[in-house]
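Look at the sequence and the structure first, then read the points below.

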Amino acid sequence: MNGAEAMLRTLVASGVDSCFANPGTSEMQFVAALDRVPGMRAVLCLSEIVATGCADGYGRMTERPAATLLHCGPGFANGIANLHNARRAHTPIVNLVGDHATWHRQHNPPLASDIEGLARAASDWVRRIESIEQVGGDAAAAVQAARAAPGGIATLIAPADMAWTEGAQPGTPLAVQGPRRVPDERLPEIIAVLRSGEPALLLLSGAGLSKRGLAAAERIHRASGAELMCPAQVARAARGRGLPRVDRIPFPIDGGLKALSRFRHIVLCAANPPAAFFAYPNKPSLLAPPDCRMHVLATPEEDTLDALERLADAFGTGARAAH
């Protein structure tokens, strides 16, 4: 089989079953392979910004990566704004970016560009396929990188001859690195803070805003009085009956400063210290008061759900919610 089919078969075997595509001439082998490879759903998009936006939304809602199929460096650049948003949201995405054939690039054709440079600006992992023997392994590595906790953007650059050349083999799916467990020694300080009676906030993001995360946060709130908030921009948040209200930090800087002014402790649950969206003259960059202490319960790379539930259990707040 050719390289394009081997790549797609590797993606399907690795759990990637949707491809948002805006292909060009250098990706025609992928288009043909999409008809031959069962299990891959192709969605034609009329521009690259639509393809990357669709992949971002798909990844946020399913927590699984979709693929994009983009046309050379300029095509990738057309979709880069939504890839920036996806990267900030830790959305898993696998970008397949076509390029000129390896022996054709030396002639500086019109669409030749520094795809690696563009990709590094909006990706967590970048690789160019250098030989037909690497096709399957590189595709598997791209999925592994995209699915590694907390999720990321993997960009695989595929020269046209790596797509049309015969002799490629699908790669074996690779193990995915899940979130790291929060060390036990981190919890006692946070428990003491929440029991101190000083105004405290759980700042929730990532998995902390899932149904399970919110259930644990509500248990902590009921036991300790700690308030619940989230950043102004979040990837996804569960809503509905039975879930606690979680207000967002106001976007305008004065509103953000006011909302956080009463807190002496902020516990970060997959969230960063709250910063203003932009800088303003004579305004602080951080929205929390200068005497407010930050405590990290879990980083985005760590198991926020488990940490929140262990923290709730420490207060004796009843059984965990069903997973």
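Arg310 and Asp306 are four residues apart in helix H12 (residues 304-314), so about one helical turn separates them. Helices (H or I, at least four residues) and strands (E, at least two) are DSSP runs, numbered from the N terminus. The model is predicted: local features need pLDDT of at least 70, side-chain atom pairs count only at pLDDT 80 or more, and totals for chains, interfaces and linings use all residues. Residues are numbered from 1 along each chain as its sequence is written, and side-chain values use heavy atoms, with hydrogens and water left out.

**Salt bridges**

- Side chains of opposite charge can pair when their charged atoms come close.
- A salt bridge is counted when a side-chain nitrogen of Lys or Arg is within 4 Å of a carboxyl oxygen of Asp or Glu; the count by this rule is 22.
- Arg310 and Asp306 form one of these, at 2.9 Å from N to O.
- Arg310 and Asp306 are both buried, where buried means under 20% relative accessible area, exposed over 50%, and partly exposed in between (1.4 Å probe, protein chains only).
- Asp99 and Arg128 also meet in a salt bridge, at 2.9 Å from N to O.
- Because Asp99 lies in strand E4 (residues 93-99) and Arg128 in strand E5, this pair ties together parts that are 29 residues apart in sequence.
- Both Asp99 and Arg128 are buried.
- A network of salt bridges links Asp99, Arg105, Glu116 and Arg128.
- Asp124 forms a salt bridge with Arg87, with the closest N and O atoms 3.3 Å apart.
- Asp124 sits in the loop between helix H6 (115-120) and strand E5 (125-128), and Arg87 in helix H5 (residues 80-88), 37 residues apart.
- Asp124 is partly exposed at 48% relative accessible area, and Arg87 is partly exposed at 31%.

**His100**

- His100 is in the loop between E4 and H6 and is buried, with a relative accessible area of 15%.
- The side chain of His100 reaches the backbone nitrogen of Ala112 at 3.5 Å.
- Beyond its neighbours within four places in sequence, His100 is in contact (heavy atoms within 4.5 Å) with residues including Arg105, Pro109 and Pro159.

**Nonpolar surface patch**

- Phe251, Phe277, Phe278 and Tyr280 make a nonpolar surface patch of about 440 Å².
- Patch residues have over 30% relative accessible area and no salt bridge; like charges are joined within 9 Å, nonpolar side chains (Val, Leu, Ile, Met, Phe, Trp, Tyr) within 5 Å.
- Accessible areas come from the Shrake-Rupley method with a 1.4 Å probe, and for residues only the protein chains shown count as cover.
- Phe277 is in the loop between strand E10 (265-269) and strand E11 (293-298), and counts as partly exposed at 48% relative accessibility.

Notes
Polar contact = N/O pair within 3.5 Å; in protein donor to acceptor, adjacent residues only side chain to side chain.
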